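Good morning, and thank you for coming. Please look at the structure while I describe its strands and its nonpolar cores.

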Amino acid sequence: MSEVRLGRVEDIPDGGSAGYDIETEHGRRLYMAVRRDDRVFVYVNSCPHTGGPLDFEPGRFLNLERTLILCTNHGAQFRIEDGYCLSGPCAGKNLEPAPAVVRSGFLVLCG
Ligand code: FES
C-alpha cells in the first residue's frame, strides 16, 4: 500500500480516539486511533468477534474510563497498547495493528 494520510494528530483529543473511513487502491478501509500524549496507536477498525466495526457511535472507541478500547457491539475490551482482547466474546484475540507514523502533524499509514 502506498502512503495514506488518515488525518491530523491534533484532531485526536489527548487520551481520546478517532475513526477513519479511507478509500485506498484496495477499496474502502476503516481504521481507528487512540492518542496518549505523543503516542498514537492505530488499528484496523474491525472486531475479531464478527469482523464489523468497533464503534457504534462514530469515533468513540474507548470505555468510560478511557483505559481500554471497547467494542460497543458486544462489549469486548482491548488493551490500547497492543490491541489484545482482555474480555468479551473474542478474549485472547487481537485487533489488527495498522502500521502508521506521524509525519508533519499527520497520521500516515504506510507499508
Ligand atoms: S462485534 Fe465486537 S464484541 Fe461482538
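Let me begin with strand 2 (residues 17-24) and strand 3, which run antiparallel and are joined by 8 bridges. Strands here are DSSP runs of E, at least two residues long, numbered from the N terminus, and two strands pair if DSSP finds at least two bridges between them. S17 has V34 of strand 3 as its bridge partner. A hairpin of 2 residues connects strand 2 to strand 3.

A word on the source: this is a predicted model, in which local features need pLDDT of at least 70 and side-chain atom pairs count only at pLDDT 80 or more, while totals for chains, interfaces and linings use all residues. Residues are numbered from 1 along each chain as its sequence is written, and side-chain values use heavy atoms, leaving out hydrogens and water.

Strand 8 pairs with strand 9 (residues 106-109) over 4 bridges, and R103 has F106 of strand 9 as its bridge partner.

Which residues touch the most other members of the largest nonpolar core? Of its 16 residues, they are M32, L54, I69, F78 and L95. Such a core is a set of buried Ala, Val, Leu, Ile, Met, Phe, Trp, Tyr and Cys residues joined through side-chain atoms within 4.5 Å; buried means under 20% relative accessible area, with a 1.4 Å probe and protein chains only. Strand 3 (27-36) and strand 4 (39-44) each supply at least two residues of this core. A second, separate core has 14 residues, including A18, Y31, A33 and A98.

Note on methods: Buried < 20%, exposed > 50% of the residue type's maximum accessible area, 1.4 Å probe, protein only.
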